[in-house]
Amino acid sequence: MVRNMDFSSWEGILSALIGIALFTFIGVGIRLVMMMTIQQRRERLNRQINERLRALIAAYKVLGGSFTGTLTVDPTHLRQLRESAQSSGEGAAIDLGGGSERARRIRDAVEAALSDIILLGTEEQVRLAVRAAAELAAGHLVHTDELVISLRNFIREALDLDELPAGIAIPRQGPARQAGGGGGSKREEGGRQGGAGRGAEGGGMGAGMGAGMGMGAGVGMRRLGGGQEGD
């Protein structure tokens, strides 16, 4: 290209400079386009990885957030409890309070976590999550410790964290205990009782004021009537 350029005149030099500038501009533009494309793809991959890690970390906290107590997931529904109580005919009271409500919340949270793992997990995690979901659907108690171990290893590797020491023994992990929901109903019941009490007090005050006004009006009328008869 340089050999074909004519530097013997100003026109030749000017055309050569314009050609070099145009060639450089086209090369820089192609490079910028390629860099922007690669950067956008990398950002998209980073967002996907971040969303995947966020969902899997949330699932890990749900499935392995407890070390004590009952570490299994009870798939029993309230409808099944009622049917079993009716079929037994013993008239035993069904636990509709904190126990069954907590088990229901744990089961719902575990089912949502398993759904996220089936969508975003690795092949091993998907296999373990599908097996746990099948056991839940069959009505069996489910242990989540194997799935928790797989999630923990994957998350630590994805975050480039150090491996866990070989000498430690992590206890078996189970689903996190959900916060109790009885406080809200108690507060609502207390609010209703307080409102009823304030309404009764208001009604009593209104009735007393009405009675006092009625008695005062009656006395005044009698006095007026007595004064007219006397006149």
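Analyst: What follows goes from the overall fold to one helix, then to salt bridges and the surface.

User: Before that, what sort of model is it, and what are the ground rules?

Analyst: This is a predicted model, in which local features need pLDDT of at least 70 and side-chain atom pairs count only at pLDDT 80 or more, while totals for chains, interfaces and linings use all residues. Residues are numbered from 1 along each chain as its sequence is written, and side-chain values use heavy atoms, with hydrogens and water left out.

User: Fine. How many helices and strands does the protein chain have?

Analyst: The protein chain has six helices and two strands, these being DSSP runs numbered from the N terminus (H or I over at least four residues for helices, E over at least two for strands). Along the sequence they follow the pattern α-β-α-α-α-β-α-α.

User: And what share of the residues is buried?

Analyst: Of the 231 residues, 18% count as buried, where buried means under 20% relative accessible area, exposed means over 50%, and partly exposed lies in between (1.4 Å probe, protein chains only). The accessible surface of the chain comes to about 16,900 Å², and 59% of that belongs to carbon and sulfur atoms; such areas come from the Shrake-Rupley method with a 1.4 Å probe, and for residues only the protein chains shown count as cover.

User: Switching to α5, what does its length look like?

Analyst: Helix α5 covers residues 145-158, and at 1.5 Å a residue its 14 residues should span 20 Å, which agrees with the 20 Å between its end C-alpha atoms. The expected span is 1.5 Å times one less than the number of residues. Just after α5, D160 takes a positive phi of about 60 degrees.

User: Which residues of α5 are buried?

Analyst: They are D145, L147, V148, S150, L151, R152 and I155. D145 counts as buried because its relative accessibility is 16%.

User: What does D145 touch, leaving aside its neighbours within four places in sequence?

Analyst: D145 is then in contact with R172 and Q173, contact meaning heavy atoms within 4.5 Å. With R172 the side chains also meet in a salt bridge at 3.2 Å, N to O, that is, a side-chain nitrogen of Lys or Arg within 4 Å of a carboxyl oxygen of Asp or Glu. R172 lies in the loop between α5 and α6 (182-230) and D145 in helix α5, so the pair ties together parts that are 27 residues apart in sequence.

User: How many salt bridges does a search of the whole structure find?

Analyst: The search finds five salt bridges. One of them joins R54 to E51, with the closest N and O atoms 2.9 Å apart; the two are three residues apart in helix α1, so about one helical turn separates them.

User: Is R107 buried or partly exposed, and what about D108?

Analyst: R107 counts as buried at 6% relative accessibility, whereas D108 counts as partly exposed at 33%. R107 sits in helix α3 (residues 98-120), and its side chain meets that of D108 in a salt bridge at 3.4 Å, N to O.

User: Last topic: which residues form a nonpolar patch on the surface?

Analyst: The patch is formed by L22, F25, I26, I30, M34 and I38, with about 640 Å² of accessible area together. Patches are made of residues with over 30% relative accessible area and no salt bridge, like charges being joined within 9 Å and nonpolar side chains (Val, Leu, Ile, Met, Phe, Trp, Tyr) within 5 Å. L22 belongs to helix α1 (residues 10-63) and is partly exposed, with a relative accessible area of 48%.
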